[in-house]
Amino acid sequence: MSQNTSPVPPGQTKKHYTNWHEAAVCAVQIELRDYADQLDYLTEYVLGKSHYRIDMLVIRKLSQQPIPKNIARIFKDYNLFEIKGLGSSLKIRSYYKAIGYAGILVDQMDHSDQCSALDISITFFSFHYPMRLMEHLVKERNLEVVKSSPGIYNINKETFSAQIIVTKELPPEENLYLRCLTDRLQDTDLINRLARDYEEHQDQDIYMRYMNQLTKANSKKKGASPMVCEGILNICGTSSKEIIERTKKEEEAYYLPKIDELTSSNAALVLSNELLTSQNDYLKDLLRQHNITFDLNAVPKPANGR
């Protein structure tokens, strides 16, 4: 979650940003709740000792057990998720980055001599249809892009099983939480459906975190209907003021430890620098006492005078 650190003009409220990655991760787990005993979720998964990070890795524990859910039909043993934010488009470089990560994962699992490309799937989440990427895959890679169901596009002939999910095209009757991932939630029917389902699960963490991000995205959206915004807030049984307070606490809990860590690290660097300066001064003084130059640019003459 990012935070705006620039000064806030007088009379304006500080803007709180929506963490779409967290919302999408929660939505996937909610959509697959009927198969929770078959799946493990690892978010921000780091590949080995590298700095490469997968948005989400879903491990299938029971590979022989079918998962008929539309977003999981291509699932293998290891399933990578690349998630783009609401304002971002799934670009060609992001596509190949995830392909590369899948290759690293194969190498990482190679000690078992069982993991291969056949054991990995890649799911790309995009809020908008990625036209340029689709054209590239078809025209330049000669791959087949097949719309297997509304909002889901399978990439055939790729090294790994891959699919692109366009959330705004998903059917709400099957993918309610993914379909509602928007900052322009105007459909009262969707809101009512969401309210009814959320009421049954509001004590579960993934539902609360999802709804927190959704309310932040929609409660202050310019041009949004006040009635719709109020309806979203009512789902959580809260108000705009409570949302802002809760967001503030979340951001403080997230950022304050990082600030403390940076402050501590900076203090250690200052102390180290002071120590080095002191040692350097001592060495210079020692050299002066023995009439030895400490000019780094001074080049000693050879013994033969040449």
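1. Basis of the note. This is a predicted model, in which local features need pLDDT of at least 70 and side-chain atom pairs count only at pLDDT 80 or more, while totals for chains, interfaces and linings use all residues. Residues are numbered from 1 along each chain as its sequence is written, and side-chain values use heavy atoms, with hydrogens and water left out.

2. Overall make-up. The protein contains eight helices and seven strands, where helices (H or I, at least four residues) and strands (E, at least two) are DSSP runs numbered from the N terminus. Of its 306 residues, 40% are buried; buried means under 20% relative accessible area, exposed means over 50%, and partly exposed lies in between, with a 1.4 Å probe and protein chains only. The accessible surface comes to about 18,200 Å², and carbon and sulfur atoms account for 51% of it; these areas come from the Shrake-Rupley method with a 1.4 Å probe, and for residues only the protein chains shown count as cover. Among contacts (heavy atoms within 4.5 Å) between residues at least 6 apart in sequence, 60% join residues at least 24 apart.

3. The sheet as a whole. Seven strands form an open sheet with mixed pairing, in the order β1-β2-β3-β4-β7-β6-β5; two strands pair if DSSP finds at least two bridges between them. Because β1 (39-46) and β5 stand at the edges with a single partner strand each, one side of each is left without a neighbour in the sheet. From one strand to the next, the twist averages 25 degrees; angles here run from 0 to 180 degrees between N-to-C directions, and axes are lines fitted to C-alpha atoms, for helices over the stretch in contact.

4. Strand β3 and its partners. Five of the six residues of β3 are buried, so this strand is largely enclosed by the rest of the structure. On one pairing, β2 and β3 run in the antiparallel sense over four bridges, with Asn79 of β3 as the bridge partner of Val58. On the other, β3 and β4 pair in the parallel sense over six bridges, and Leu80 has Ile122 of β4 as its bridge partner.

5. Strand β5 (residues 144-149) and strand β6 (residues 152-156) run antiparallel and are joined by five bridges, one of the residue pairings being Val146 with Asn154 of β6. These two strands form a hairpin with two residues between them, and Gly151 in the turn has a positive phi of about 85 degrees. β6 also pairs with strand β7 (residues 161-166), again in the antiparallel sense, over four bridges, and there Ile155 stands opposite Ala162 in β7.

6. Helices on the sheet. Helix α2 (residues 92-108) packs on the sheet and touches β1, β2, β3, β4 and β6, its direction making about 155 degrees with that of β4. Helix α1 (residues 20-31) lies across β1, β2 (53-60), β3 (78-83) and β4 (120-126), and runs at about 140 degrees to β3.

7. Leu105 in helix α2. Leu105 is found in α2 and is buried, with a relative accessible area of 0%. Leaving aside residues up to four places away in sequence, Leu105 touches Tyr45, Leu47, Leu57, Tyr78, Leu80 and Ile120. Tyr78 is 27 residues from Leu105 in sequence, and their C-alpha atoms are 8.9 Å apart.

8. Helix pairs. The axes of α2 and helix α3 (residues 131-140) come within 9 Å and cross at roughly 60 degrees, and the two helices are therefore oblique to each other; angles under 35 degrees count as roughly parallel, over 145 as roughly antiparallel, 65 to 115 as roughly perpendicular and the rest as oblique. Their contact is made by Ile92, Tyr95 and Tyr96 of α2 and by Arg132, Leu133, His136 and Leu137 of α3. For helix α5 (residues 188-201) and helix α6 (residues 205-219), the axes come within 10 Å and cross at roughly 140 degrees, which makes α5 oblique to α6. Residues of this contact include Leu194 and Tyr198 of α5 and Tyr207 and Leu214 of α6.

9. Cysteines. The structure holds zero disulfides, a disulfide being a pair of cysteine sulfur atoms within 2.5 Å. Cys26 is buried, with a relative accessible area of 0%, and Cys180 likewise counts as buried at 0% relative accessibility.
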